[in-house]
Amino acid sequence: VLSVESPLPPLVQRGLGDRSNEKRKNAALEIEALVKSLNNEVGTPMIHNVITLLSKDFCTSMNSNYRKGGLVGLAATAIGLMHNSRNYLHLLLPPVFH
């Protein structure tokens, strides 16, 4: 069960920050599945929290593996949102350009 405070399970967060590209990719697939399920359930606040977590905790990290994981996670989020991703572009794009 996910809470608003921690939108991603600890295992997924650990996978995103791993130095292995394969583990980051698997964590991203988990994020994609989570966002797809939230998108179907109209879980807008949770989707916002996932994007914020990826942006603040991963994309701006000093650790290059966390930054890579954050970018892969944001890409997975956009894929999970599918046609609805245009509603979240204002949140998805700034960390990519940072």
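## Helix packing and salt bridges in a predicted model

In helix 4, the residues Asn-65, Gly-69, Gly-70, Gly-73, Leu-74, Ala-76, Thr-77, Gly-80 and Leu-81 are buried, where buried means under 20% relative accessible area, exposed means over 50%, and partly exposed lies in between (1.4 Å probe, protein chains only). The model is predicted, so local features need pLDDT of at least 70 and side-chain atom pairs count only at pLDDT 80 or more, whereas totals for chains, interfaces and linings use all residues. Residues are numbered from 1 along each chain as its sequence is written, and side-chain values use heavy atoms, with hydrogens and water left out.

Helices and strands are DSSP runs numbered from the N terminus, a helix being H or I with at least four residues and a strand being E with at least two. The cover over the buried residues of helix 4 includes helix 1 (10-16), helix 2, helix 3 and helix 5, contact being defined as heavy atoms within 4.5 Å. Helix 4 comprises residues 64-81, and its 18 residues should span 26 Å at 1.5 Å a residue; the end C-alpha atoms are 26 Å apart, which agrees. The expected span of a helix is 1.5 Å times one less than its number of residues.

One of the buried positions in helix 4 is Thr-77, with a relative accessible area of 0%. Leaving aside residues up to four places away in sequence, Thr-77 touches Ile-31, Val-35, Val-50, Ile-51, Leu-54 and Leu-92. Thr-77 and Asn-65 are twelve residues apart in sequence, and their C-alpha atoms are 18 Å apart in space.

Helix 2 has 20 residues and reaches 29 Å from its first C-alpha to its last, close to the 28 Å expected at 1.5 Å a residue. Its buried residues are Arg-24, Ala-27, Ala-28, Ile-31, Glu-32, Leu-34, Val-35, Leu-38 and Asn-39. These buried residues of helix 2 pack against helix 1, helix 3 and helix 4.

### Helix 3 against helix 5

Two packed helices are described by the angle between their axes and the distance between the axes. The axes of helix 3 (residues 44-59) and helix 5 (residues 89-97) come within 10 Å and cross at roughly 10 degrees, which makes helix 3 roughly parallel to helix 5. The axes are lines fitted to C-alpha atoms, for helices over the stretch in contact, and angles run from 0 to 180 degrees between N-to-C directions. Angles under 35 degrees count as roughly parallel, over 145 as roughly antiparallel, 65 to 115 as roughly perpendicular, and the rest as oblique.

On the side of helix 3, the contact is made by His-48, Ile-51, Ser-55 and Cys-59, and on the side of helix 5 by His-90, Leu-91, Leu-92 and Pro-95. By class, this contact of helix 3 with helix 5 has five nonpolar, three polar and no charged residues; Ala, Val, Leu, Ile, Met, Phe, Trp, Tyr, Cys and Pro count as nonpolar, Asp, Glu, Lys and Arg as charged, and the others, Gly among them, as polar.

Ser-55 of helix 3 counts as buried at 13% relative accessibility. Apart from residues up to four places away in sequence, Ser-55 touches Thr-60, Leu-74, Leu-91 and Pro-95.

### Salt bridges

The structure holds three salt bridges, each defined as a side-chain nitrogen of Lys or Arg within 4 Å of a carboxyl oxygen of Asp or Glu.

| Salt bridge | Closest N to O distance |
|---|---|
| Lys-23 with Asp-18 | 3.9 Å |
| Lys-25 with Glu-22 | 3.7 Å |

In the pair of Lys-23 and Asp-18, Lys-23 is partly exposed with a relative accessible area of 47%, and Asp-18 is partly exposed at 22%.

Lys-25 and Glu-22 are three residues apart in helix 2 (residues 21-40) and are therefore separated by about one helical turn. Lys-25 is partly exposed at 43% relative accessibility, and Glu-22 is partly exposed at 45%.

Glu-32 and Lys-36 are likewise in helix 2, four residues apart, and so are separated by about one helical turn. Glu-32 counts as buried at 16% relative accessibility, whereas Lys-36 is partly exposed at 32%.

Most residues other than glycine have a negative phi. Met-82 has a phi near 50 degrees, a positive value in a residue other than glycine. Met-82 is placed in the loop between helix 4 and helix 5 and counts as partly exposed at 48% relative accessibility.
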